[in-house]
Amino acid sequence: MSAFEEFGVSPDIIKAVQDMDWQLPRDVQAESIPLILGGGDVLMAAETGSGKTGAFCLPILQVVHEALRDRAKESAAGKISSEATSTATTTSGGATSTAAAPVMSASDRSALFAIDPTGLLCQARDQRGWHGGRGTVGVVRGKFYYECLVTDEGLARVGFSTTKALFNLGTDDQGFGFGGTAKKSFASAFTAYGEPFGLNDVIGCFLDRDAH
């Protein structure tokens, strides 16, 4: 396994760096590549020959690769785009109201949790840790439901939390999570619940603030 695989870059990029006999990332690459892929603004300074070119070229190639891959999945992307322009419905006391559909917040997230410009696609850029984010709308009363489509390999956890919760959902007493291993979590207590989920599965999350 190449050390560059830990950055979450494509197999084609991994093969290219192996063909160039890049065995290990340089220090500037190890520090900057995860931050850039996570959507951060990175300014780096290092001496000539330290690996700066690779530090910014590899993320560029990965972003282009992902853009082309998503474009190839045109039918799925069209479905997601149509959902983005729909409305979210909440009910409270028998009354129904509609509002613009919420999306993932580009600011309320962990540093290595990447979100695309539509706010509908997200991915953790660190395969060794848990990263997450919250939506742009909070729920204070009524009922709220949303769905998540798993479009990549790996484990995911979905649910609800307060703004004070850790981004590692379900590991404190400020959020409830449900993970791909069929475990519900609260305050780091993981309990068997439901069925496992993974690639291409759709998971629904329902919150009833009127009842609780």
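Is Cys 122 buried, exposed or partly exposed? With a relative accessible area of 40%, Cys 122 falls in the partly exposed class. Welcome to a quick tour of this predicted model, a protein chain with four helices and 12 strands.

**The chain as a whole**
- Of its 212 residues, 29% count as buried.
- The accessible surface comes to about 13,400 Å², and carbon and sulfur atoms make up 56% of that area.

**Cysteines**
- A search of the whole structure turns up zero disulfides.
- For Cys 122, the closest cysteine sulfur belongs to Cys 148, and the two sulfurs are 7.3 Å apart, too far for a bond.
- A disulfide needs sulfur atoms within 2.5 Å, so the 7.3 Å between Cys 122 and Cys 148 rules that pair out.
- Cys 57 also counts as partly exposed, because its relative accessibility is 30%.

**Helix 2 and what comes after**
- Helix 2 spans residues 27-37, and its buried residues are Val 28, Gln 29, Ser 32, Ile 33, Pro 34 and Leu 37.
- After helix 2 comes Gly 39, which has a positive phi, near 95 degrees.

**Ser 110 in its loop**
- You will find Ser 110 in the loop that links strand 3 (104-109) with strand 4 (113-115).
- Ser 110 counts as buried because its relative accessibility is 12%, and the cut-off for buried is under 20%.
- Leaving aside residues up to four places away in sequence, Ser 110 touches His 131, Gly 132 and Phe 167.

Conventions: Residues are numbered from 1 along each chain as its sequence is written. This is a predicted model: local features need pLDDT of at least 70, side-chain atom pairs count only at pLDDT 80 or more; totals for chains, interfaces and linings use all residues. Side-chain values use heavy atoms; hydrogens and water are left out. Buried means under 20% relative accessible area, exposed over 50%, partly exposed in between (1.4 Å probe, protein chains only). Helices (H or I, at least four residues) and strands (E, at least two) are DSSP runs, numbered from the N terminus. Contact means heavy atoms within 4.5 Å. Accessible areas come from the Shrake-Rupley method with a 1.4 Å probe; for residues, only the protein chains shown count as cover.
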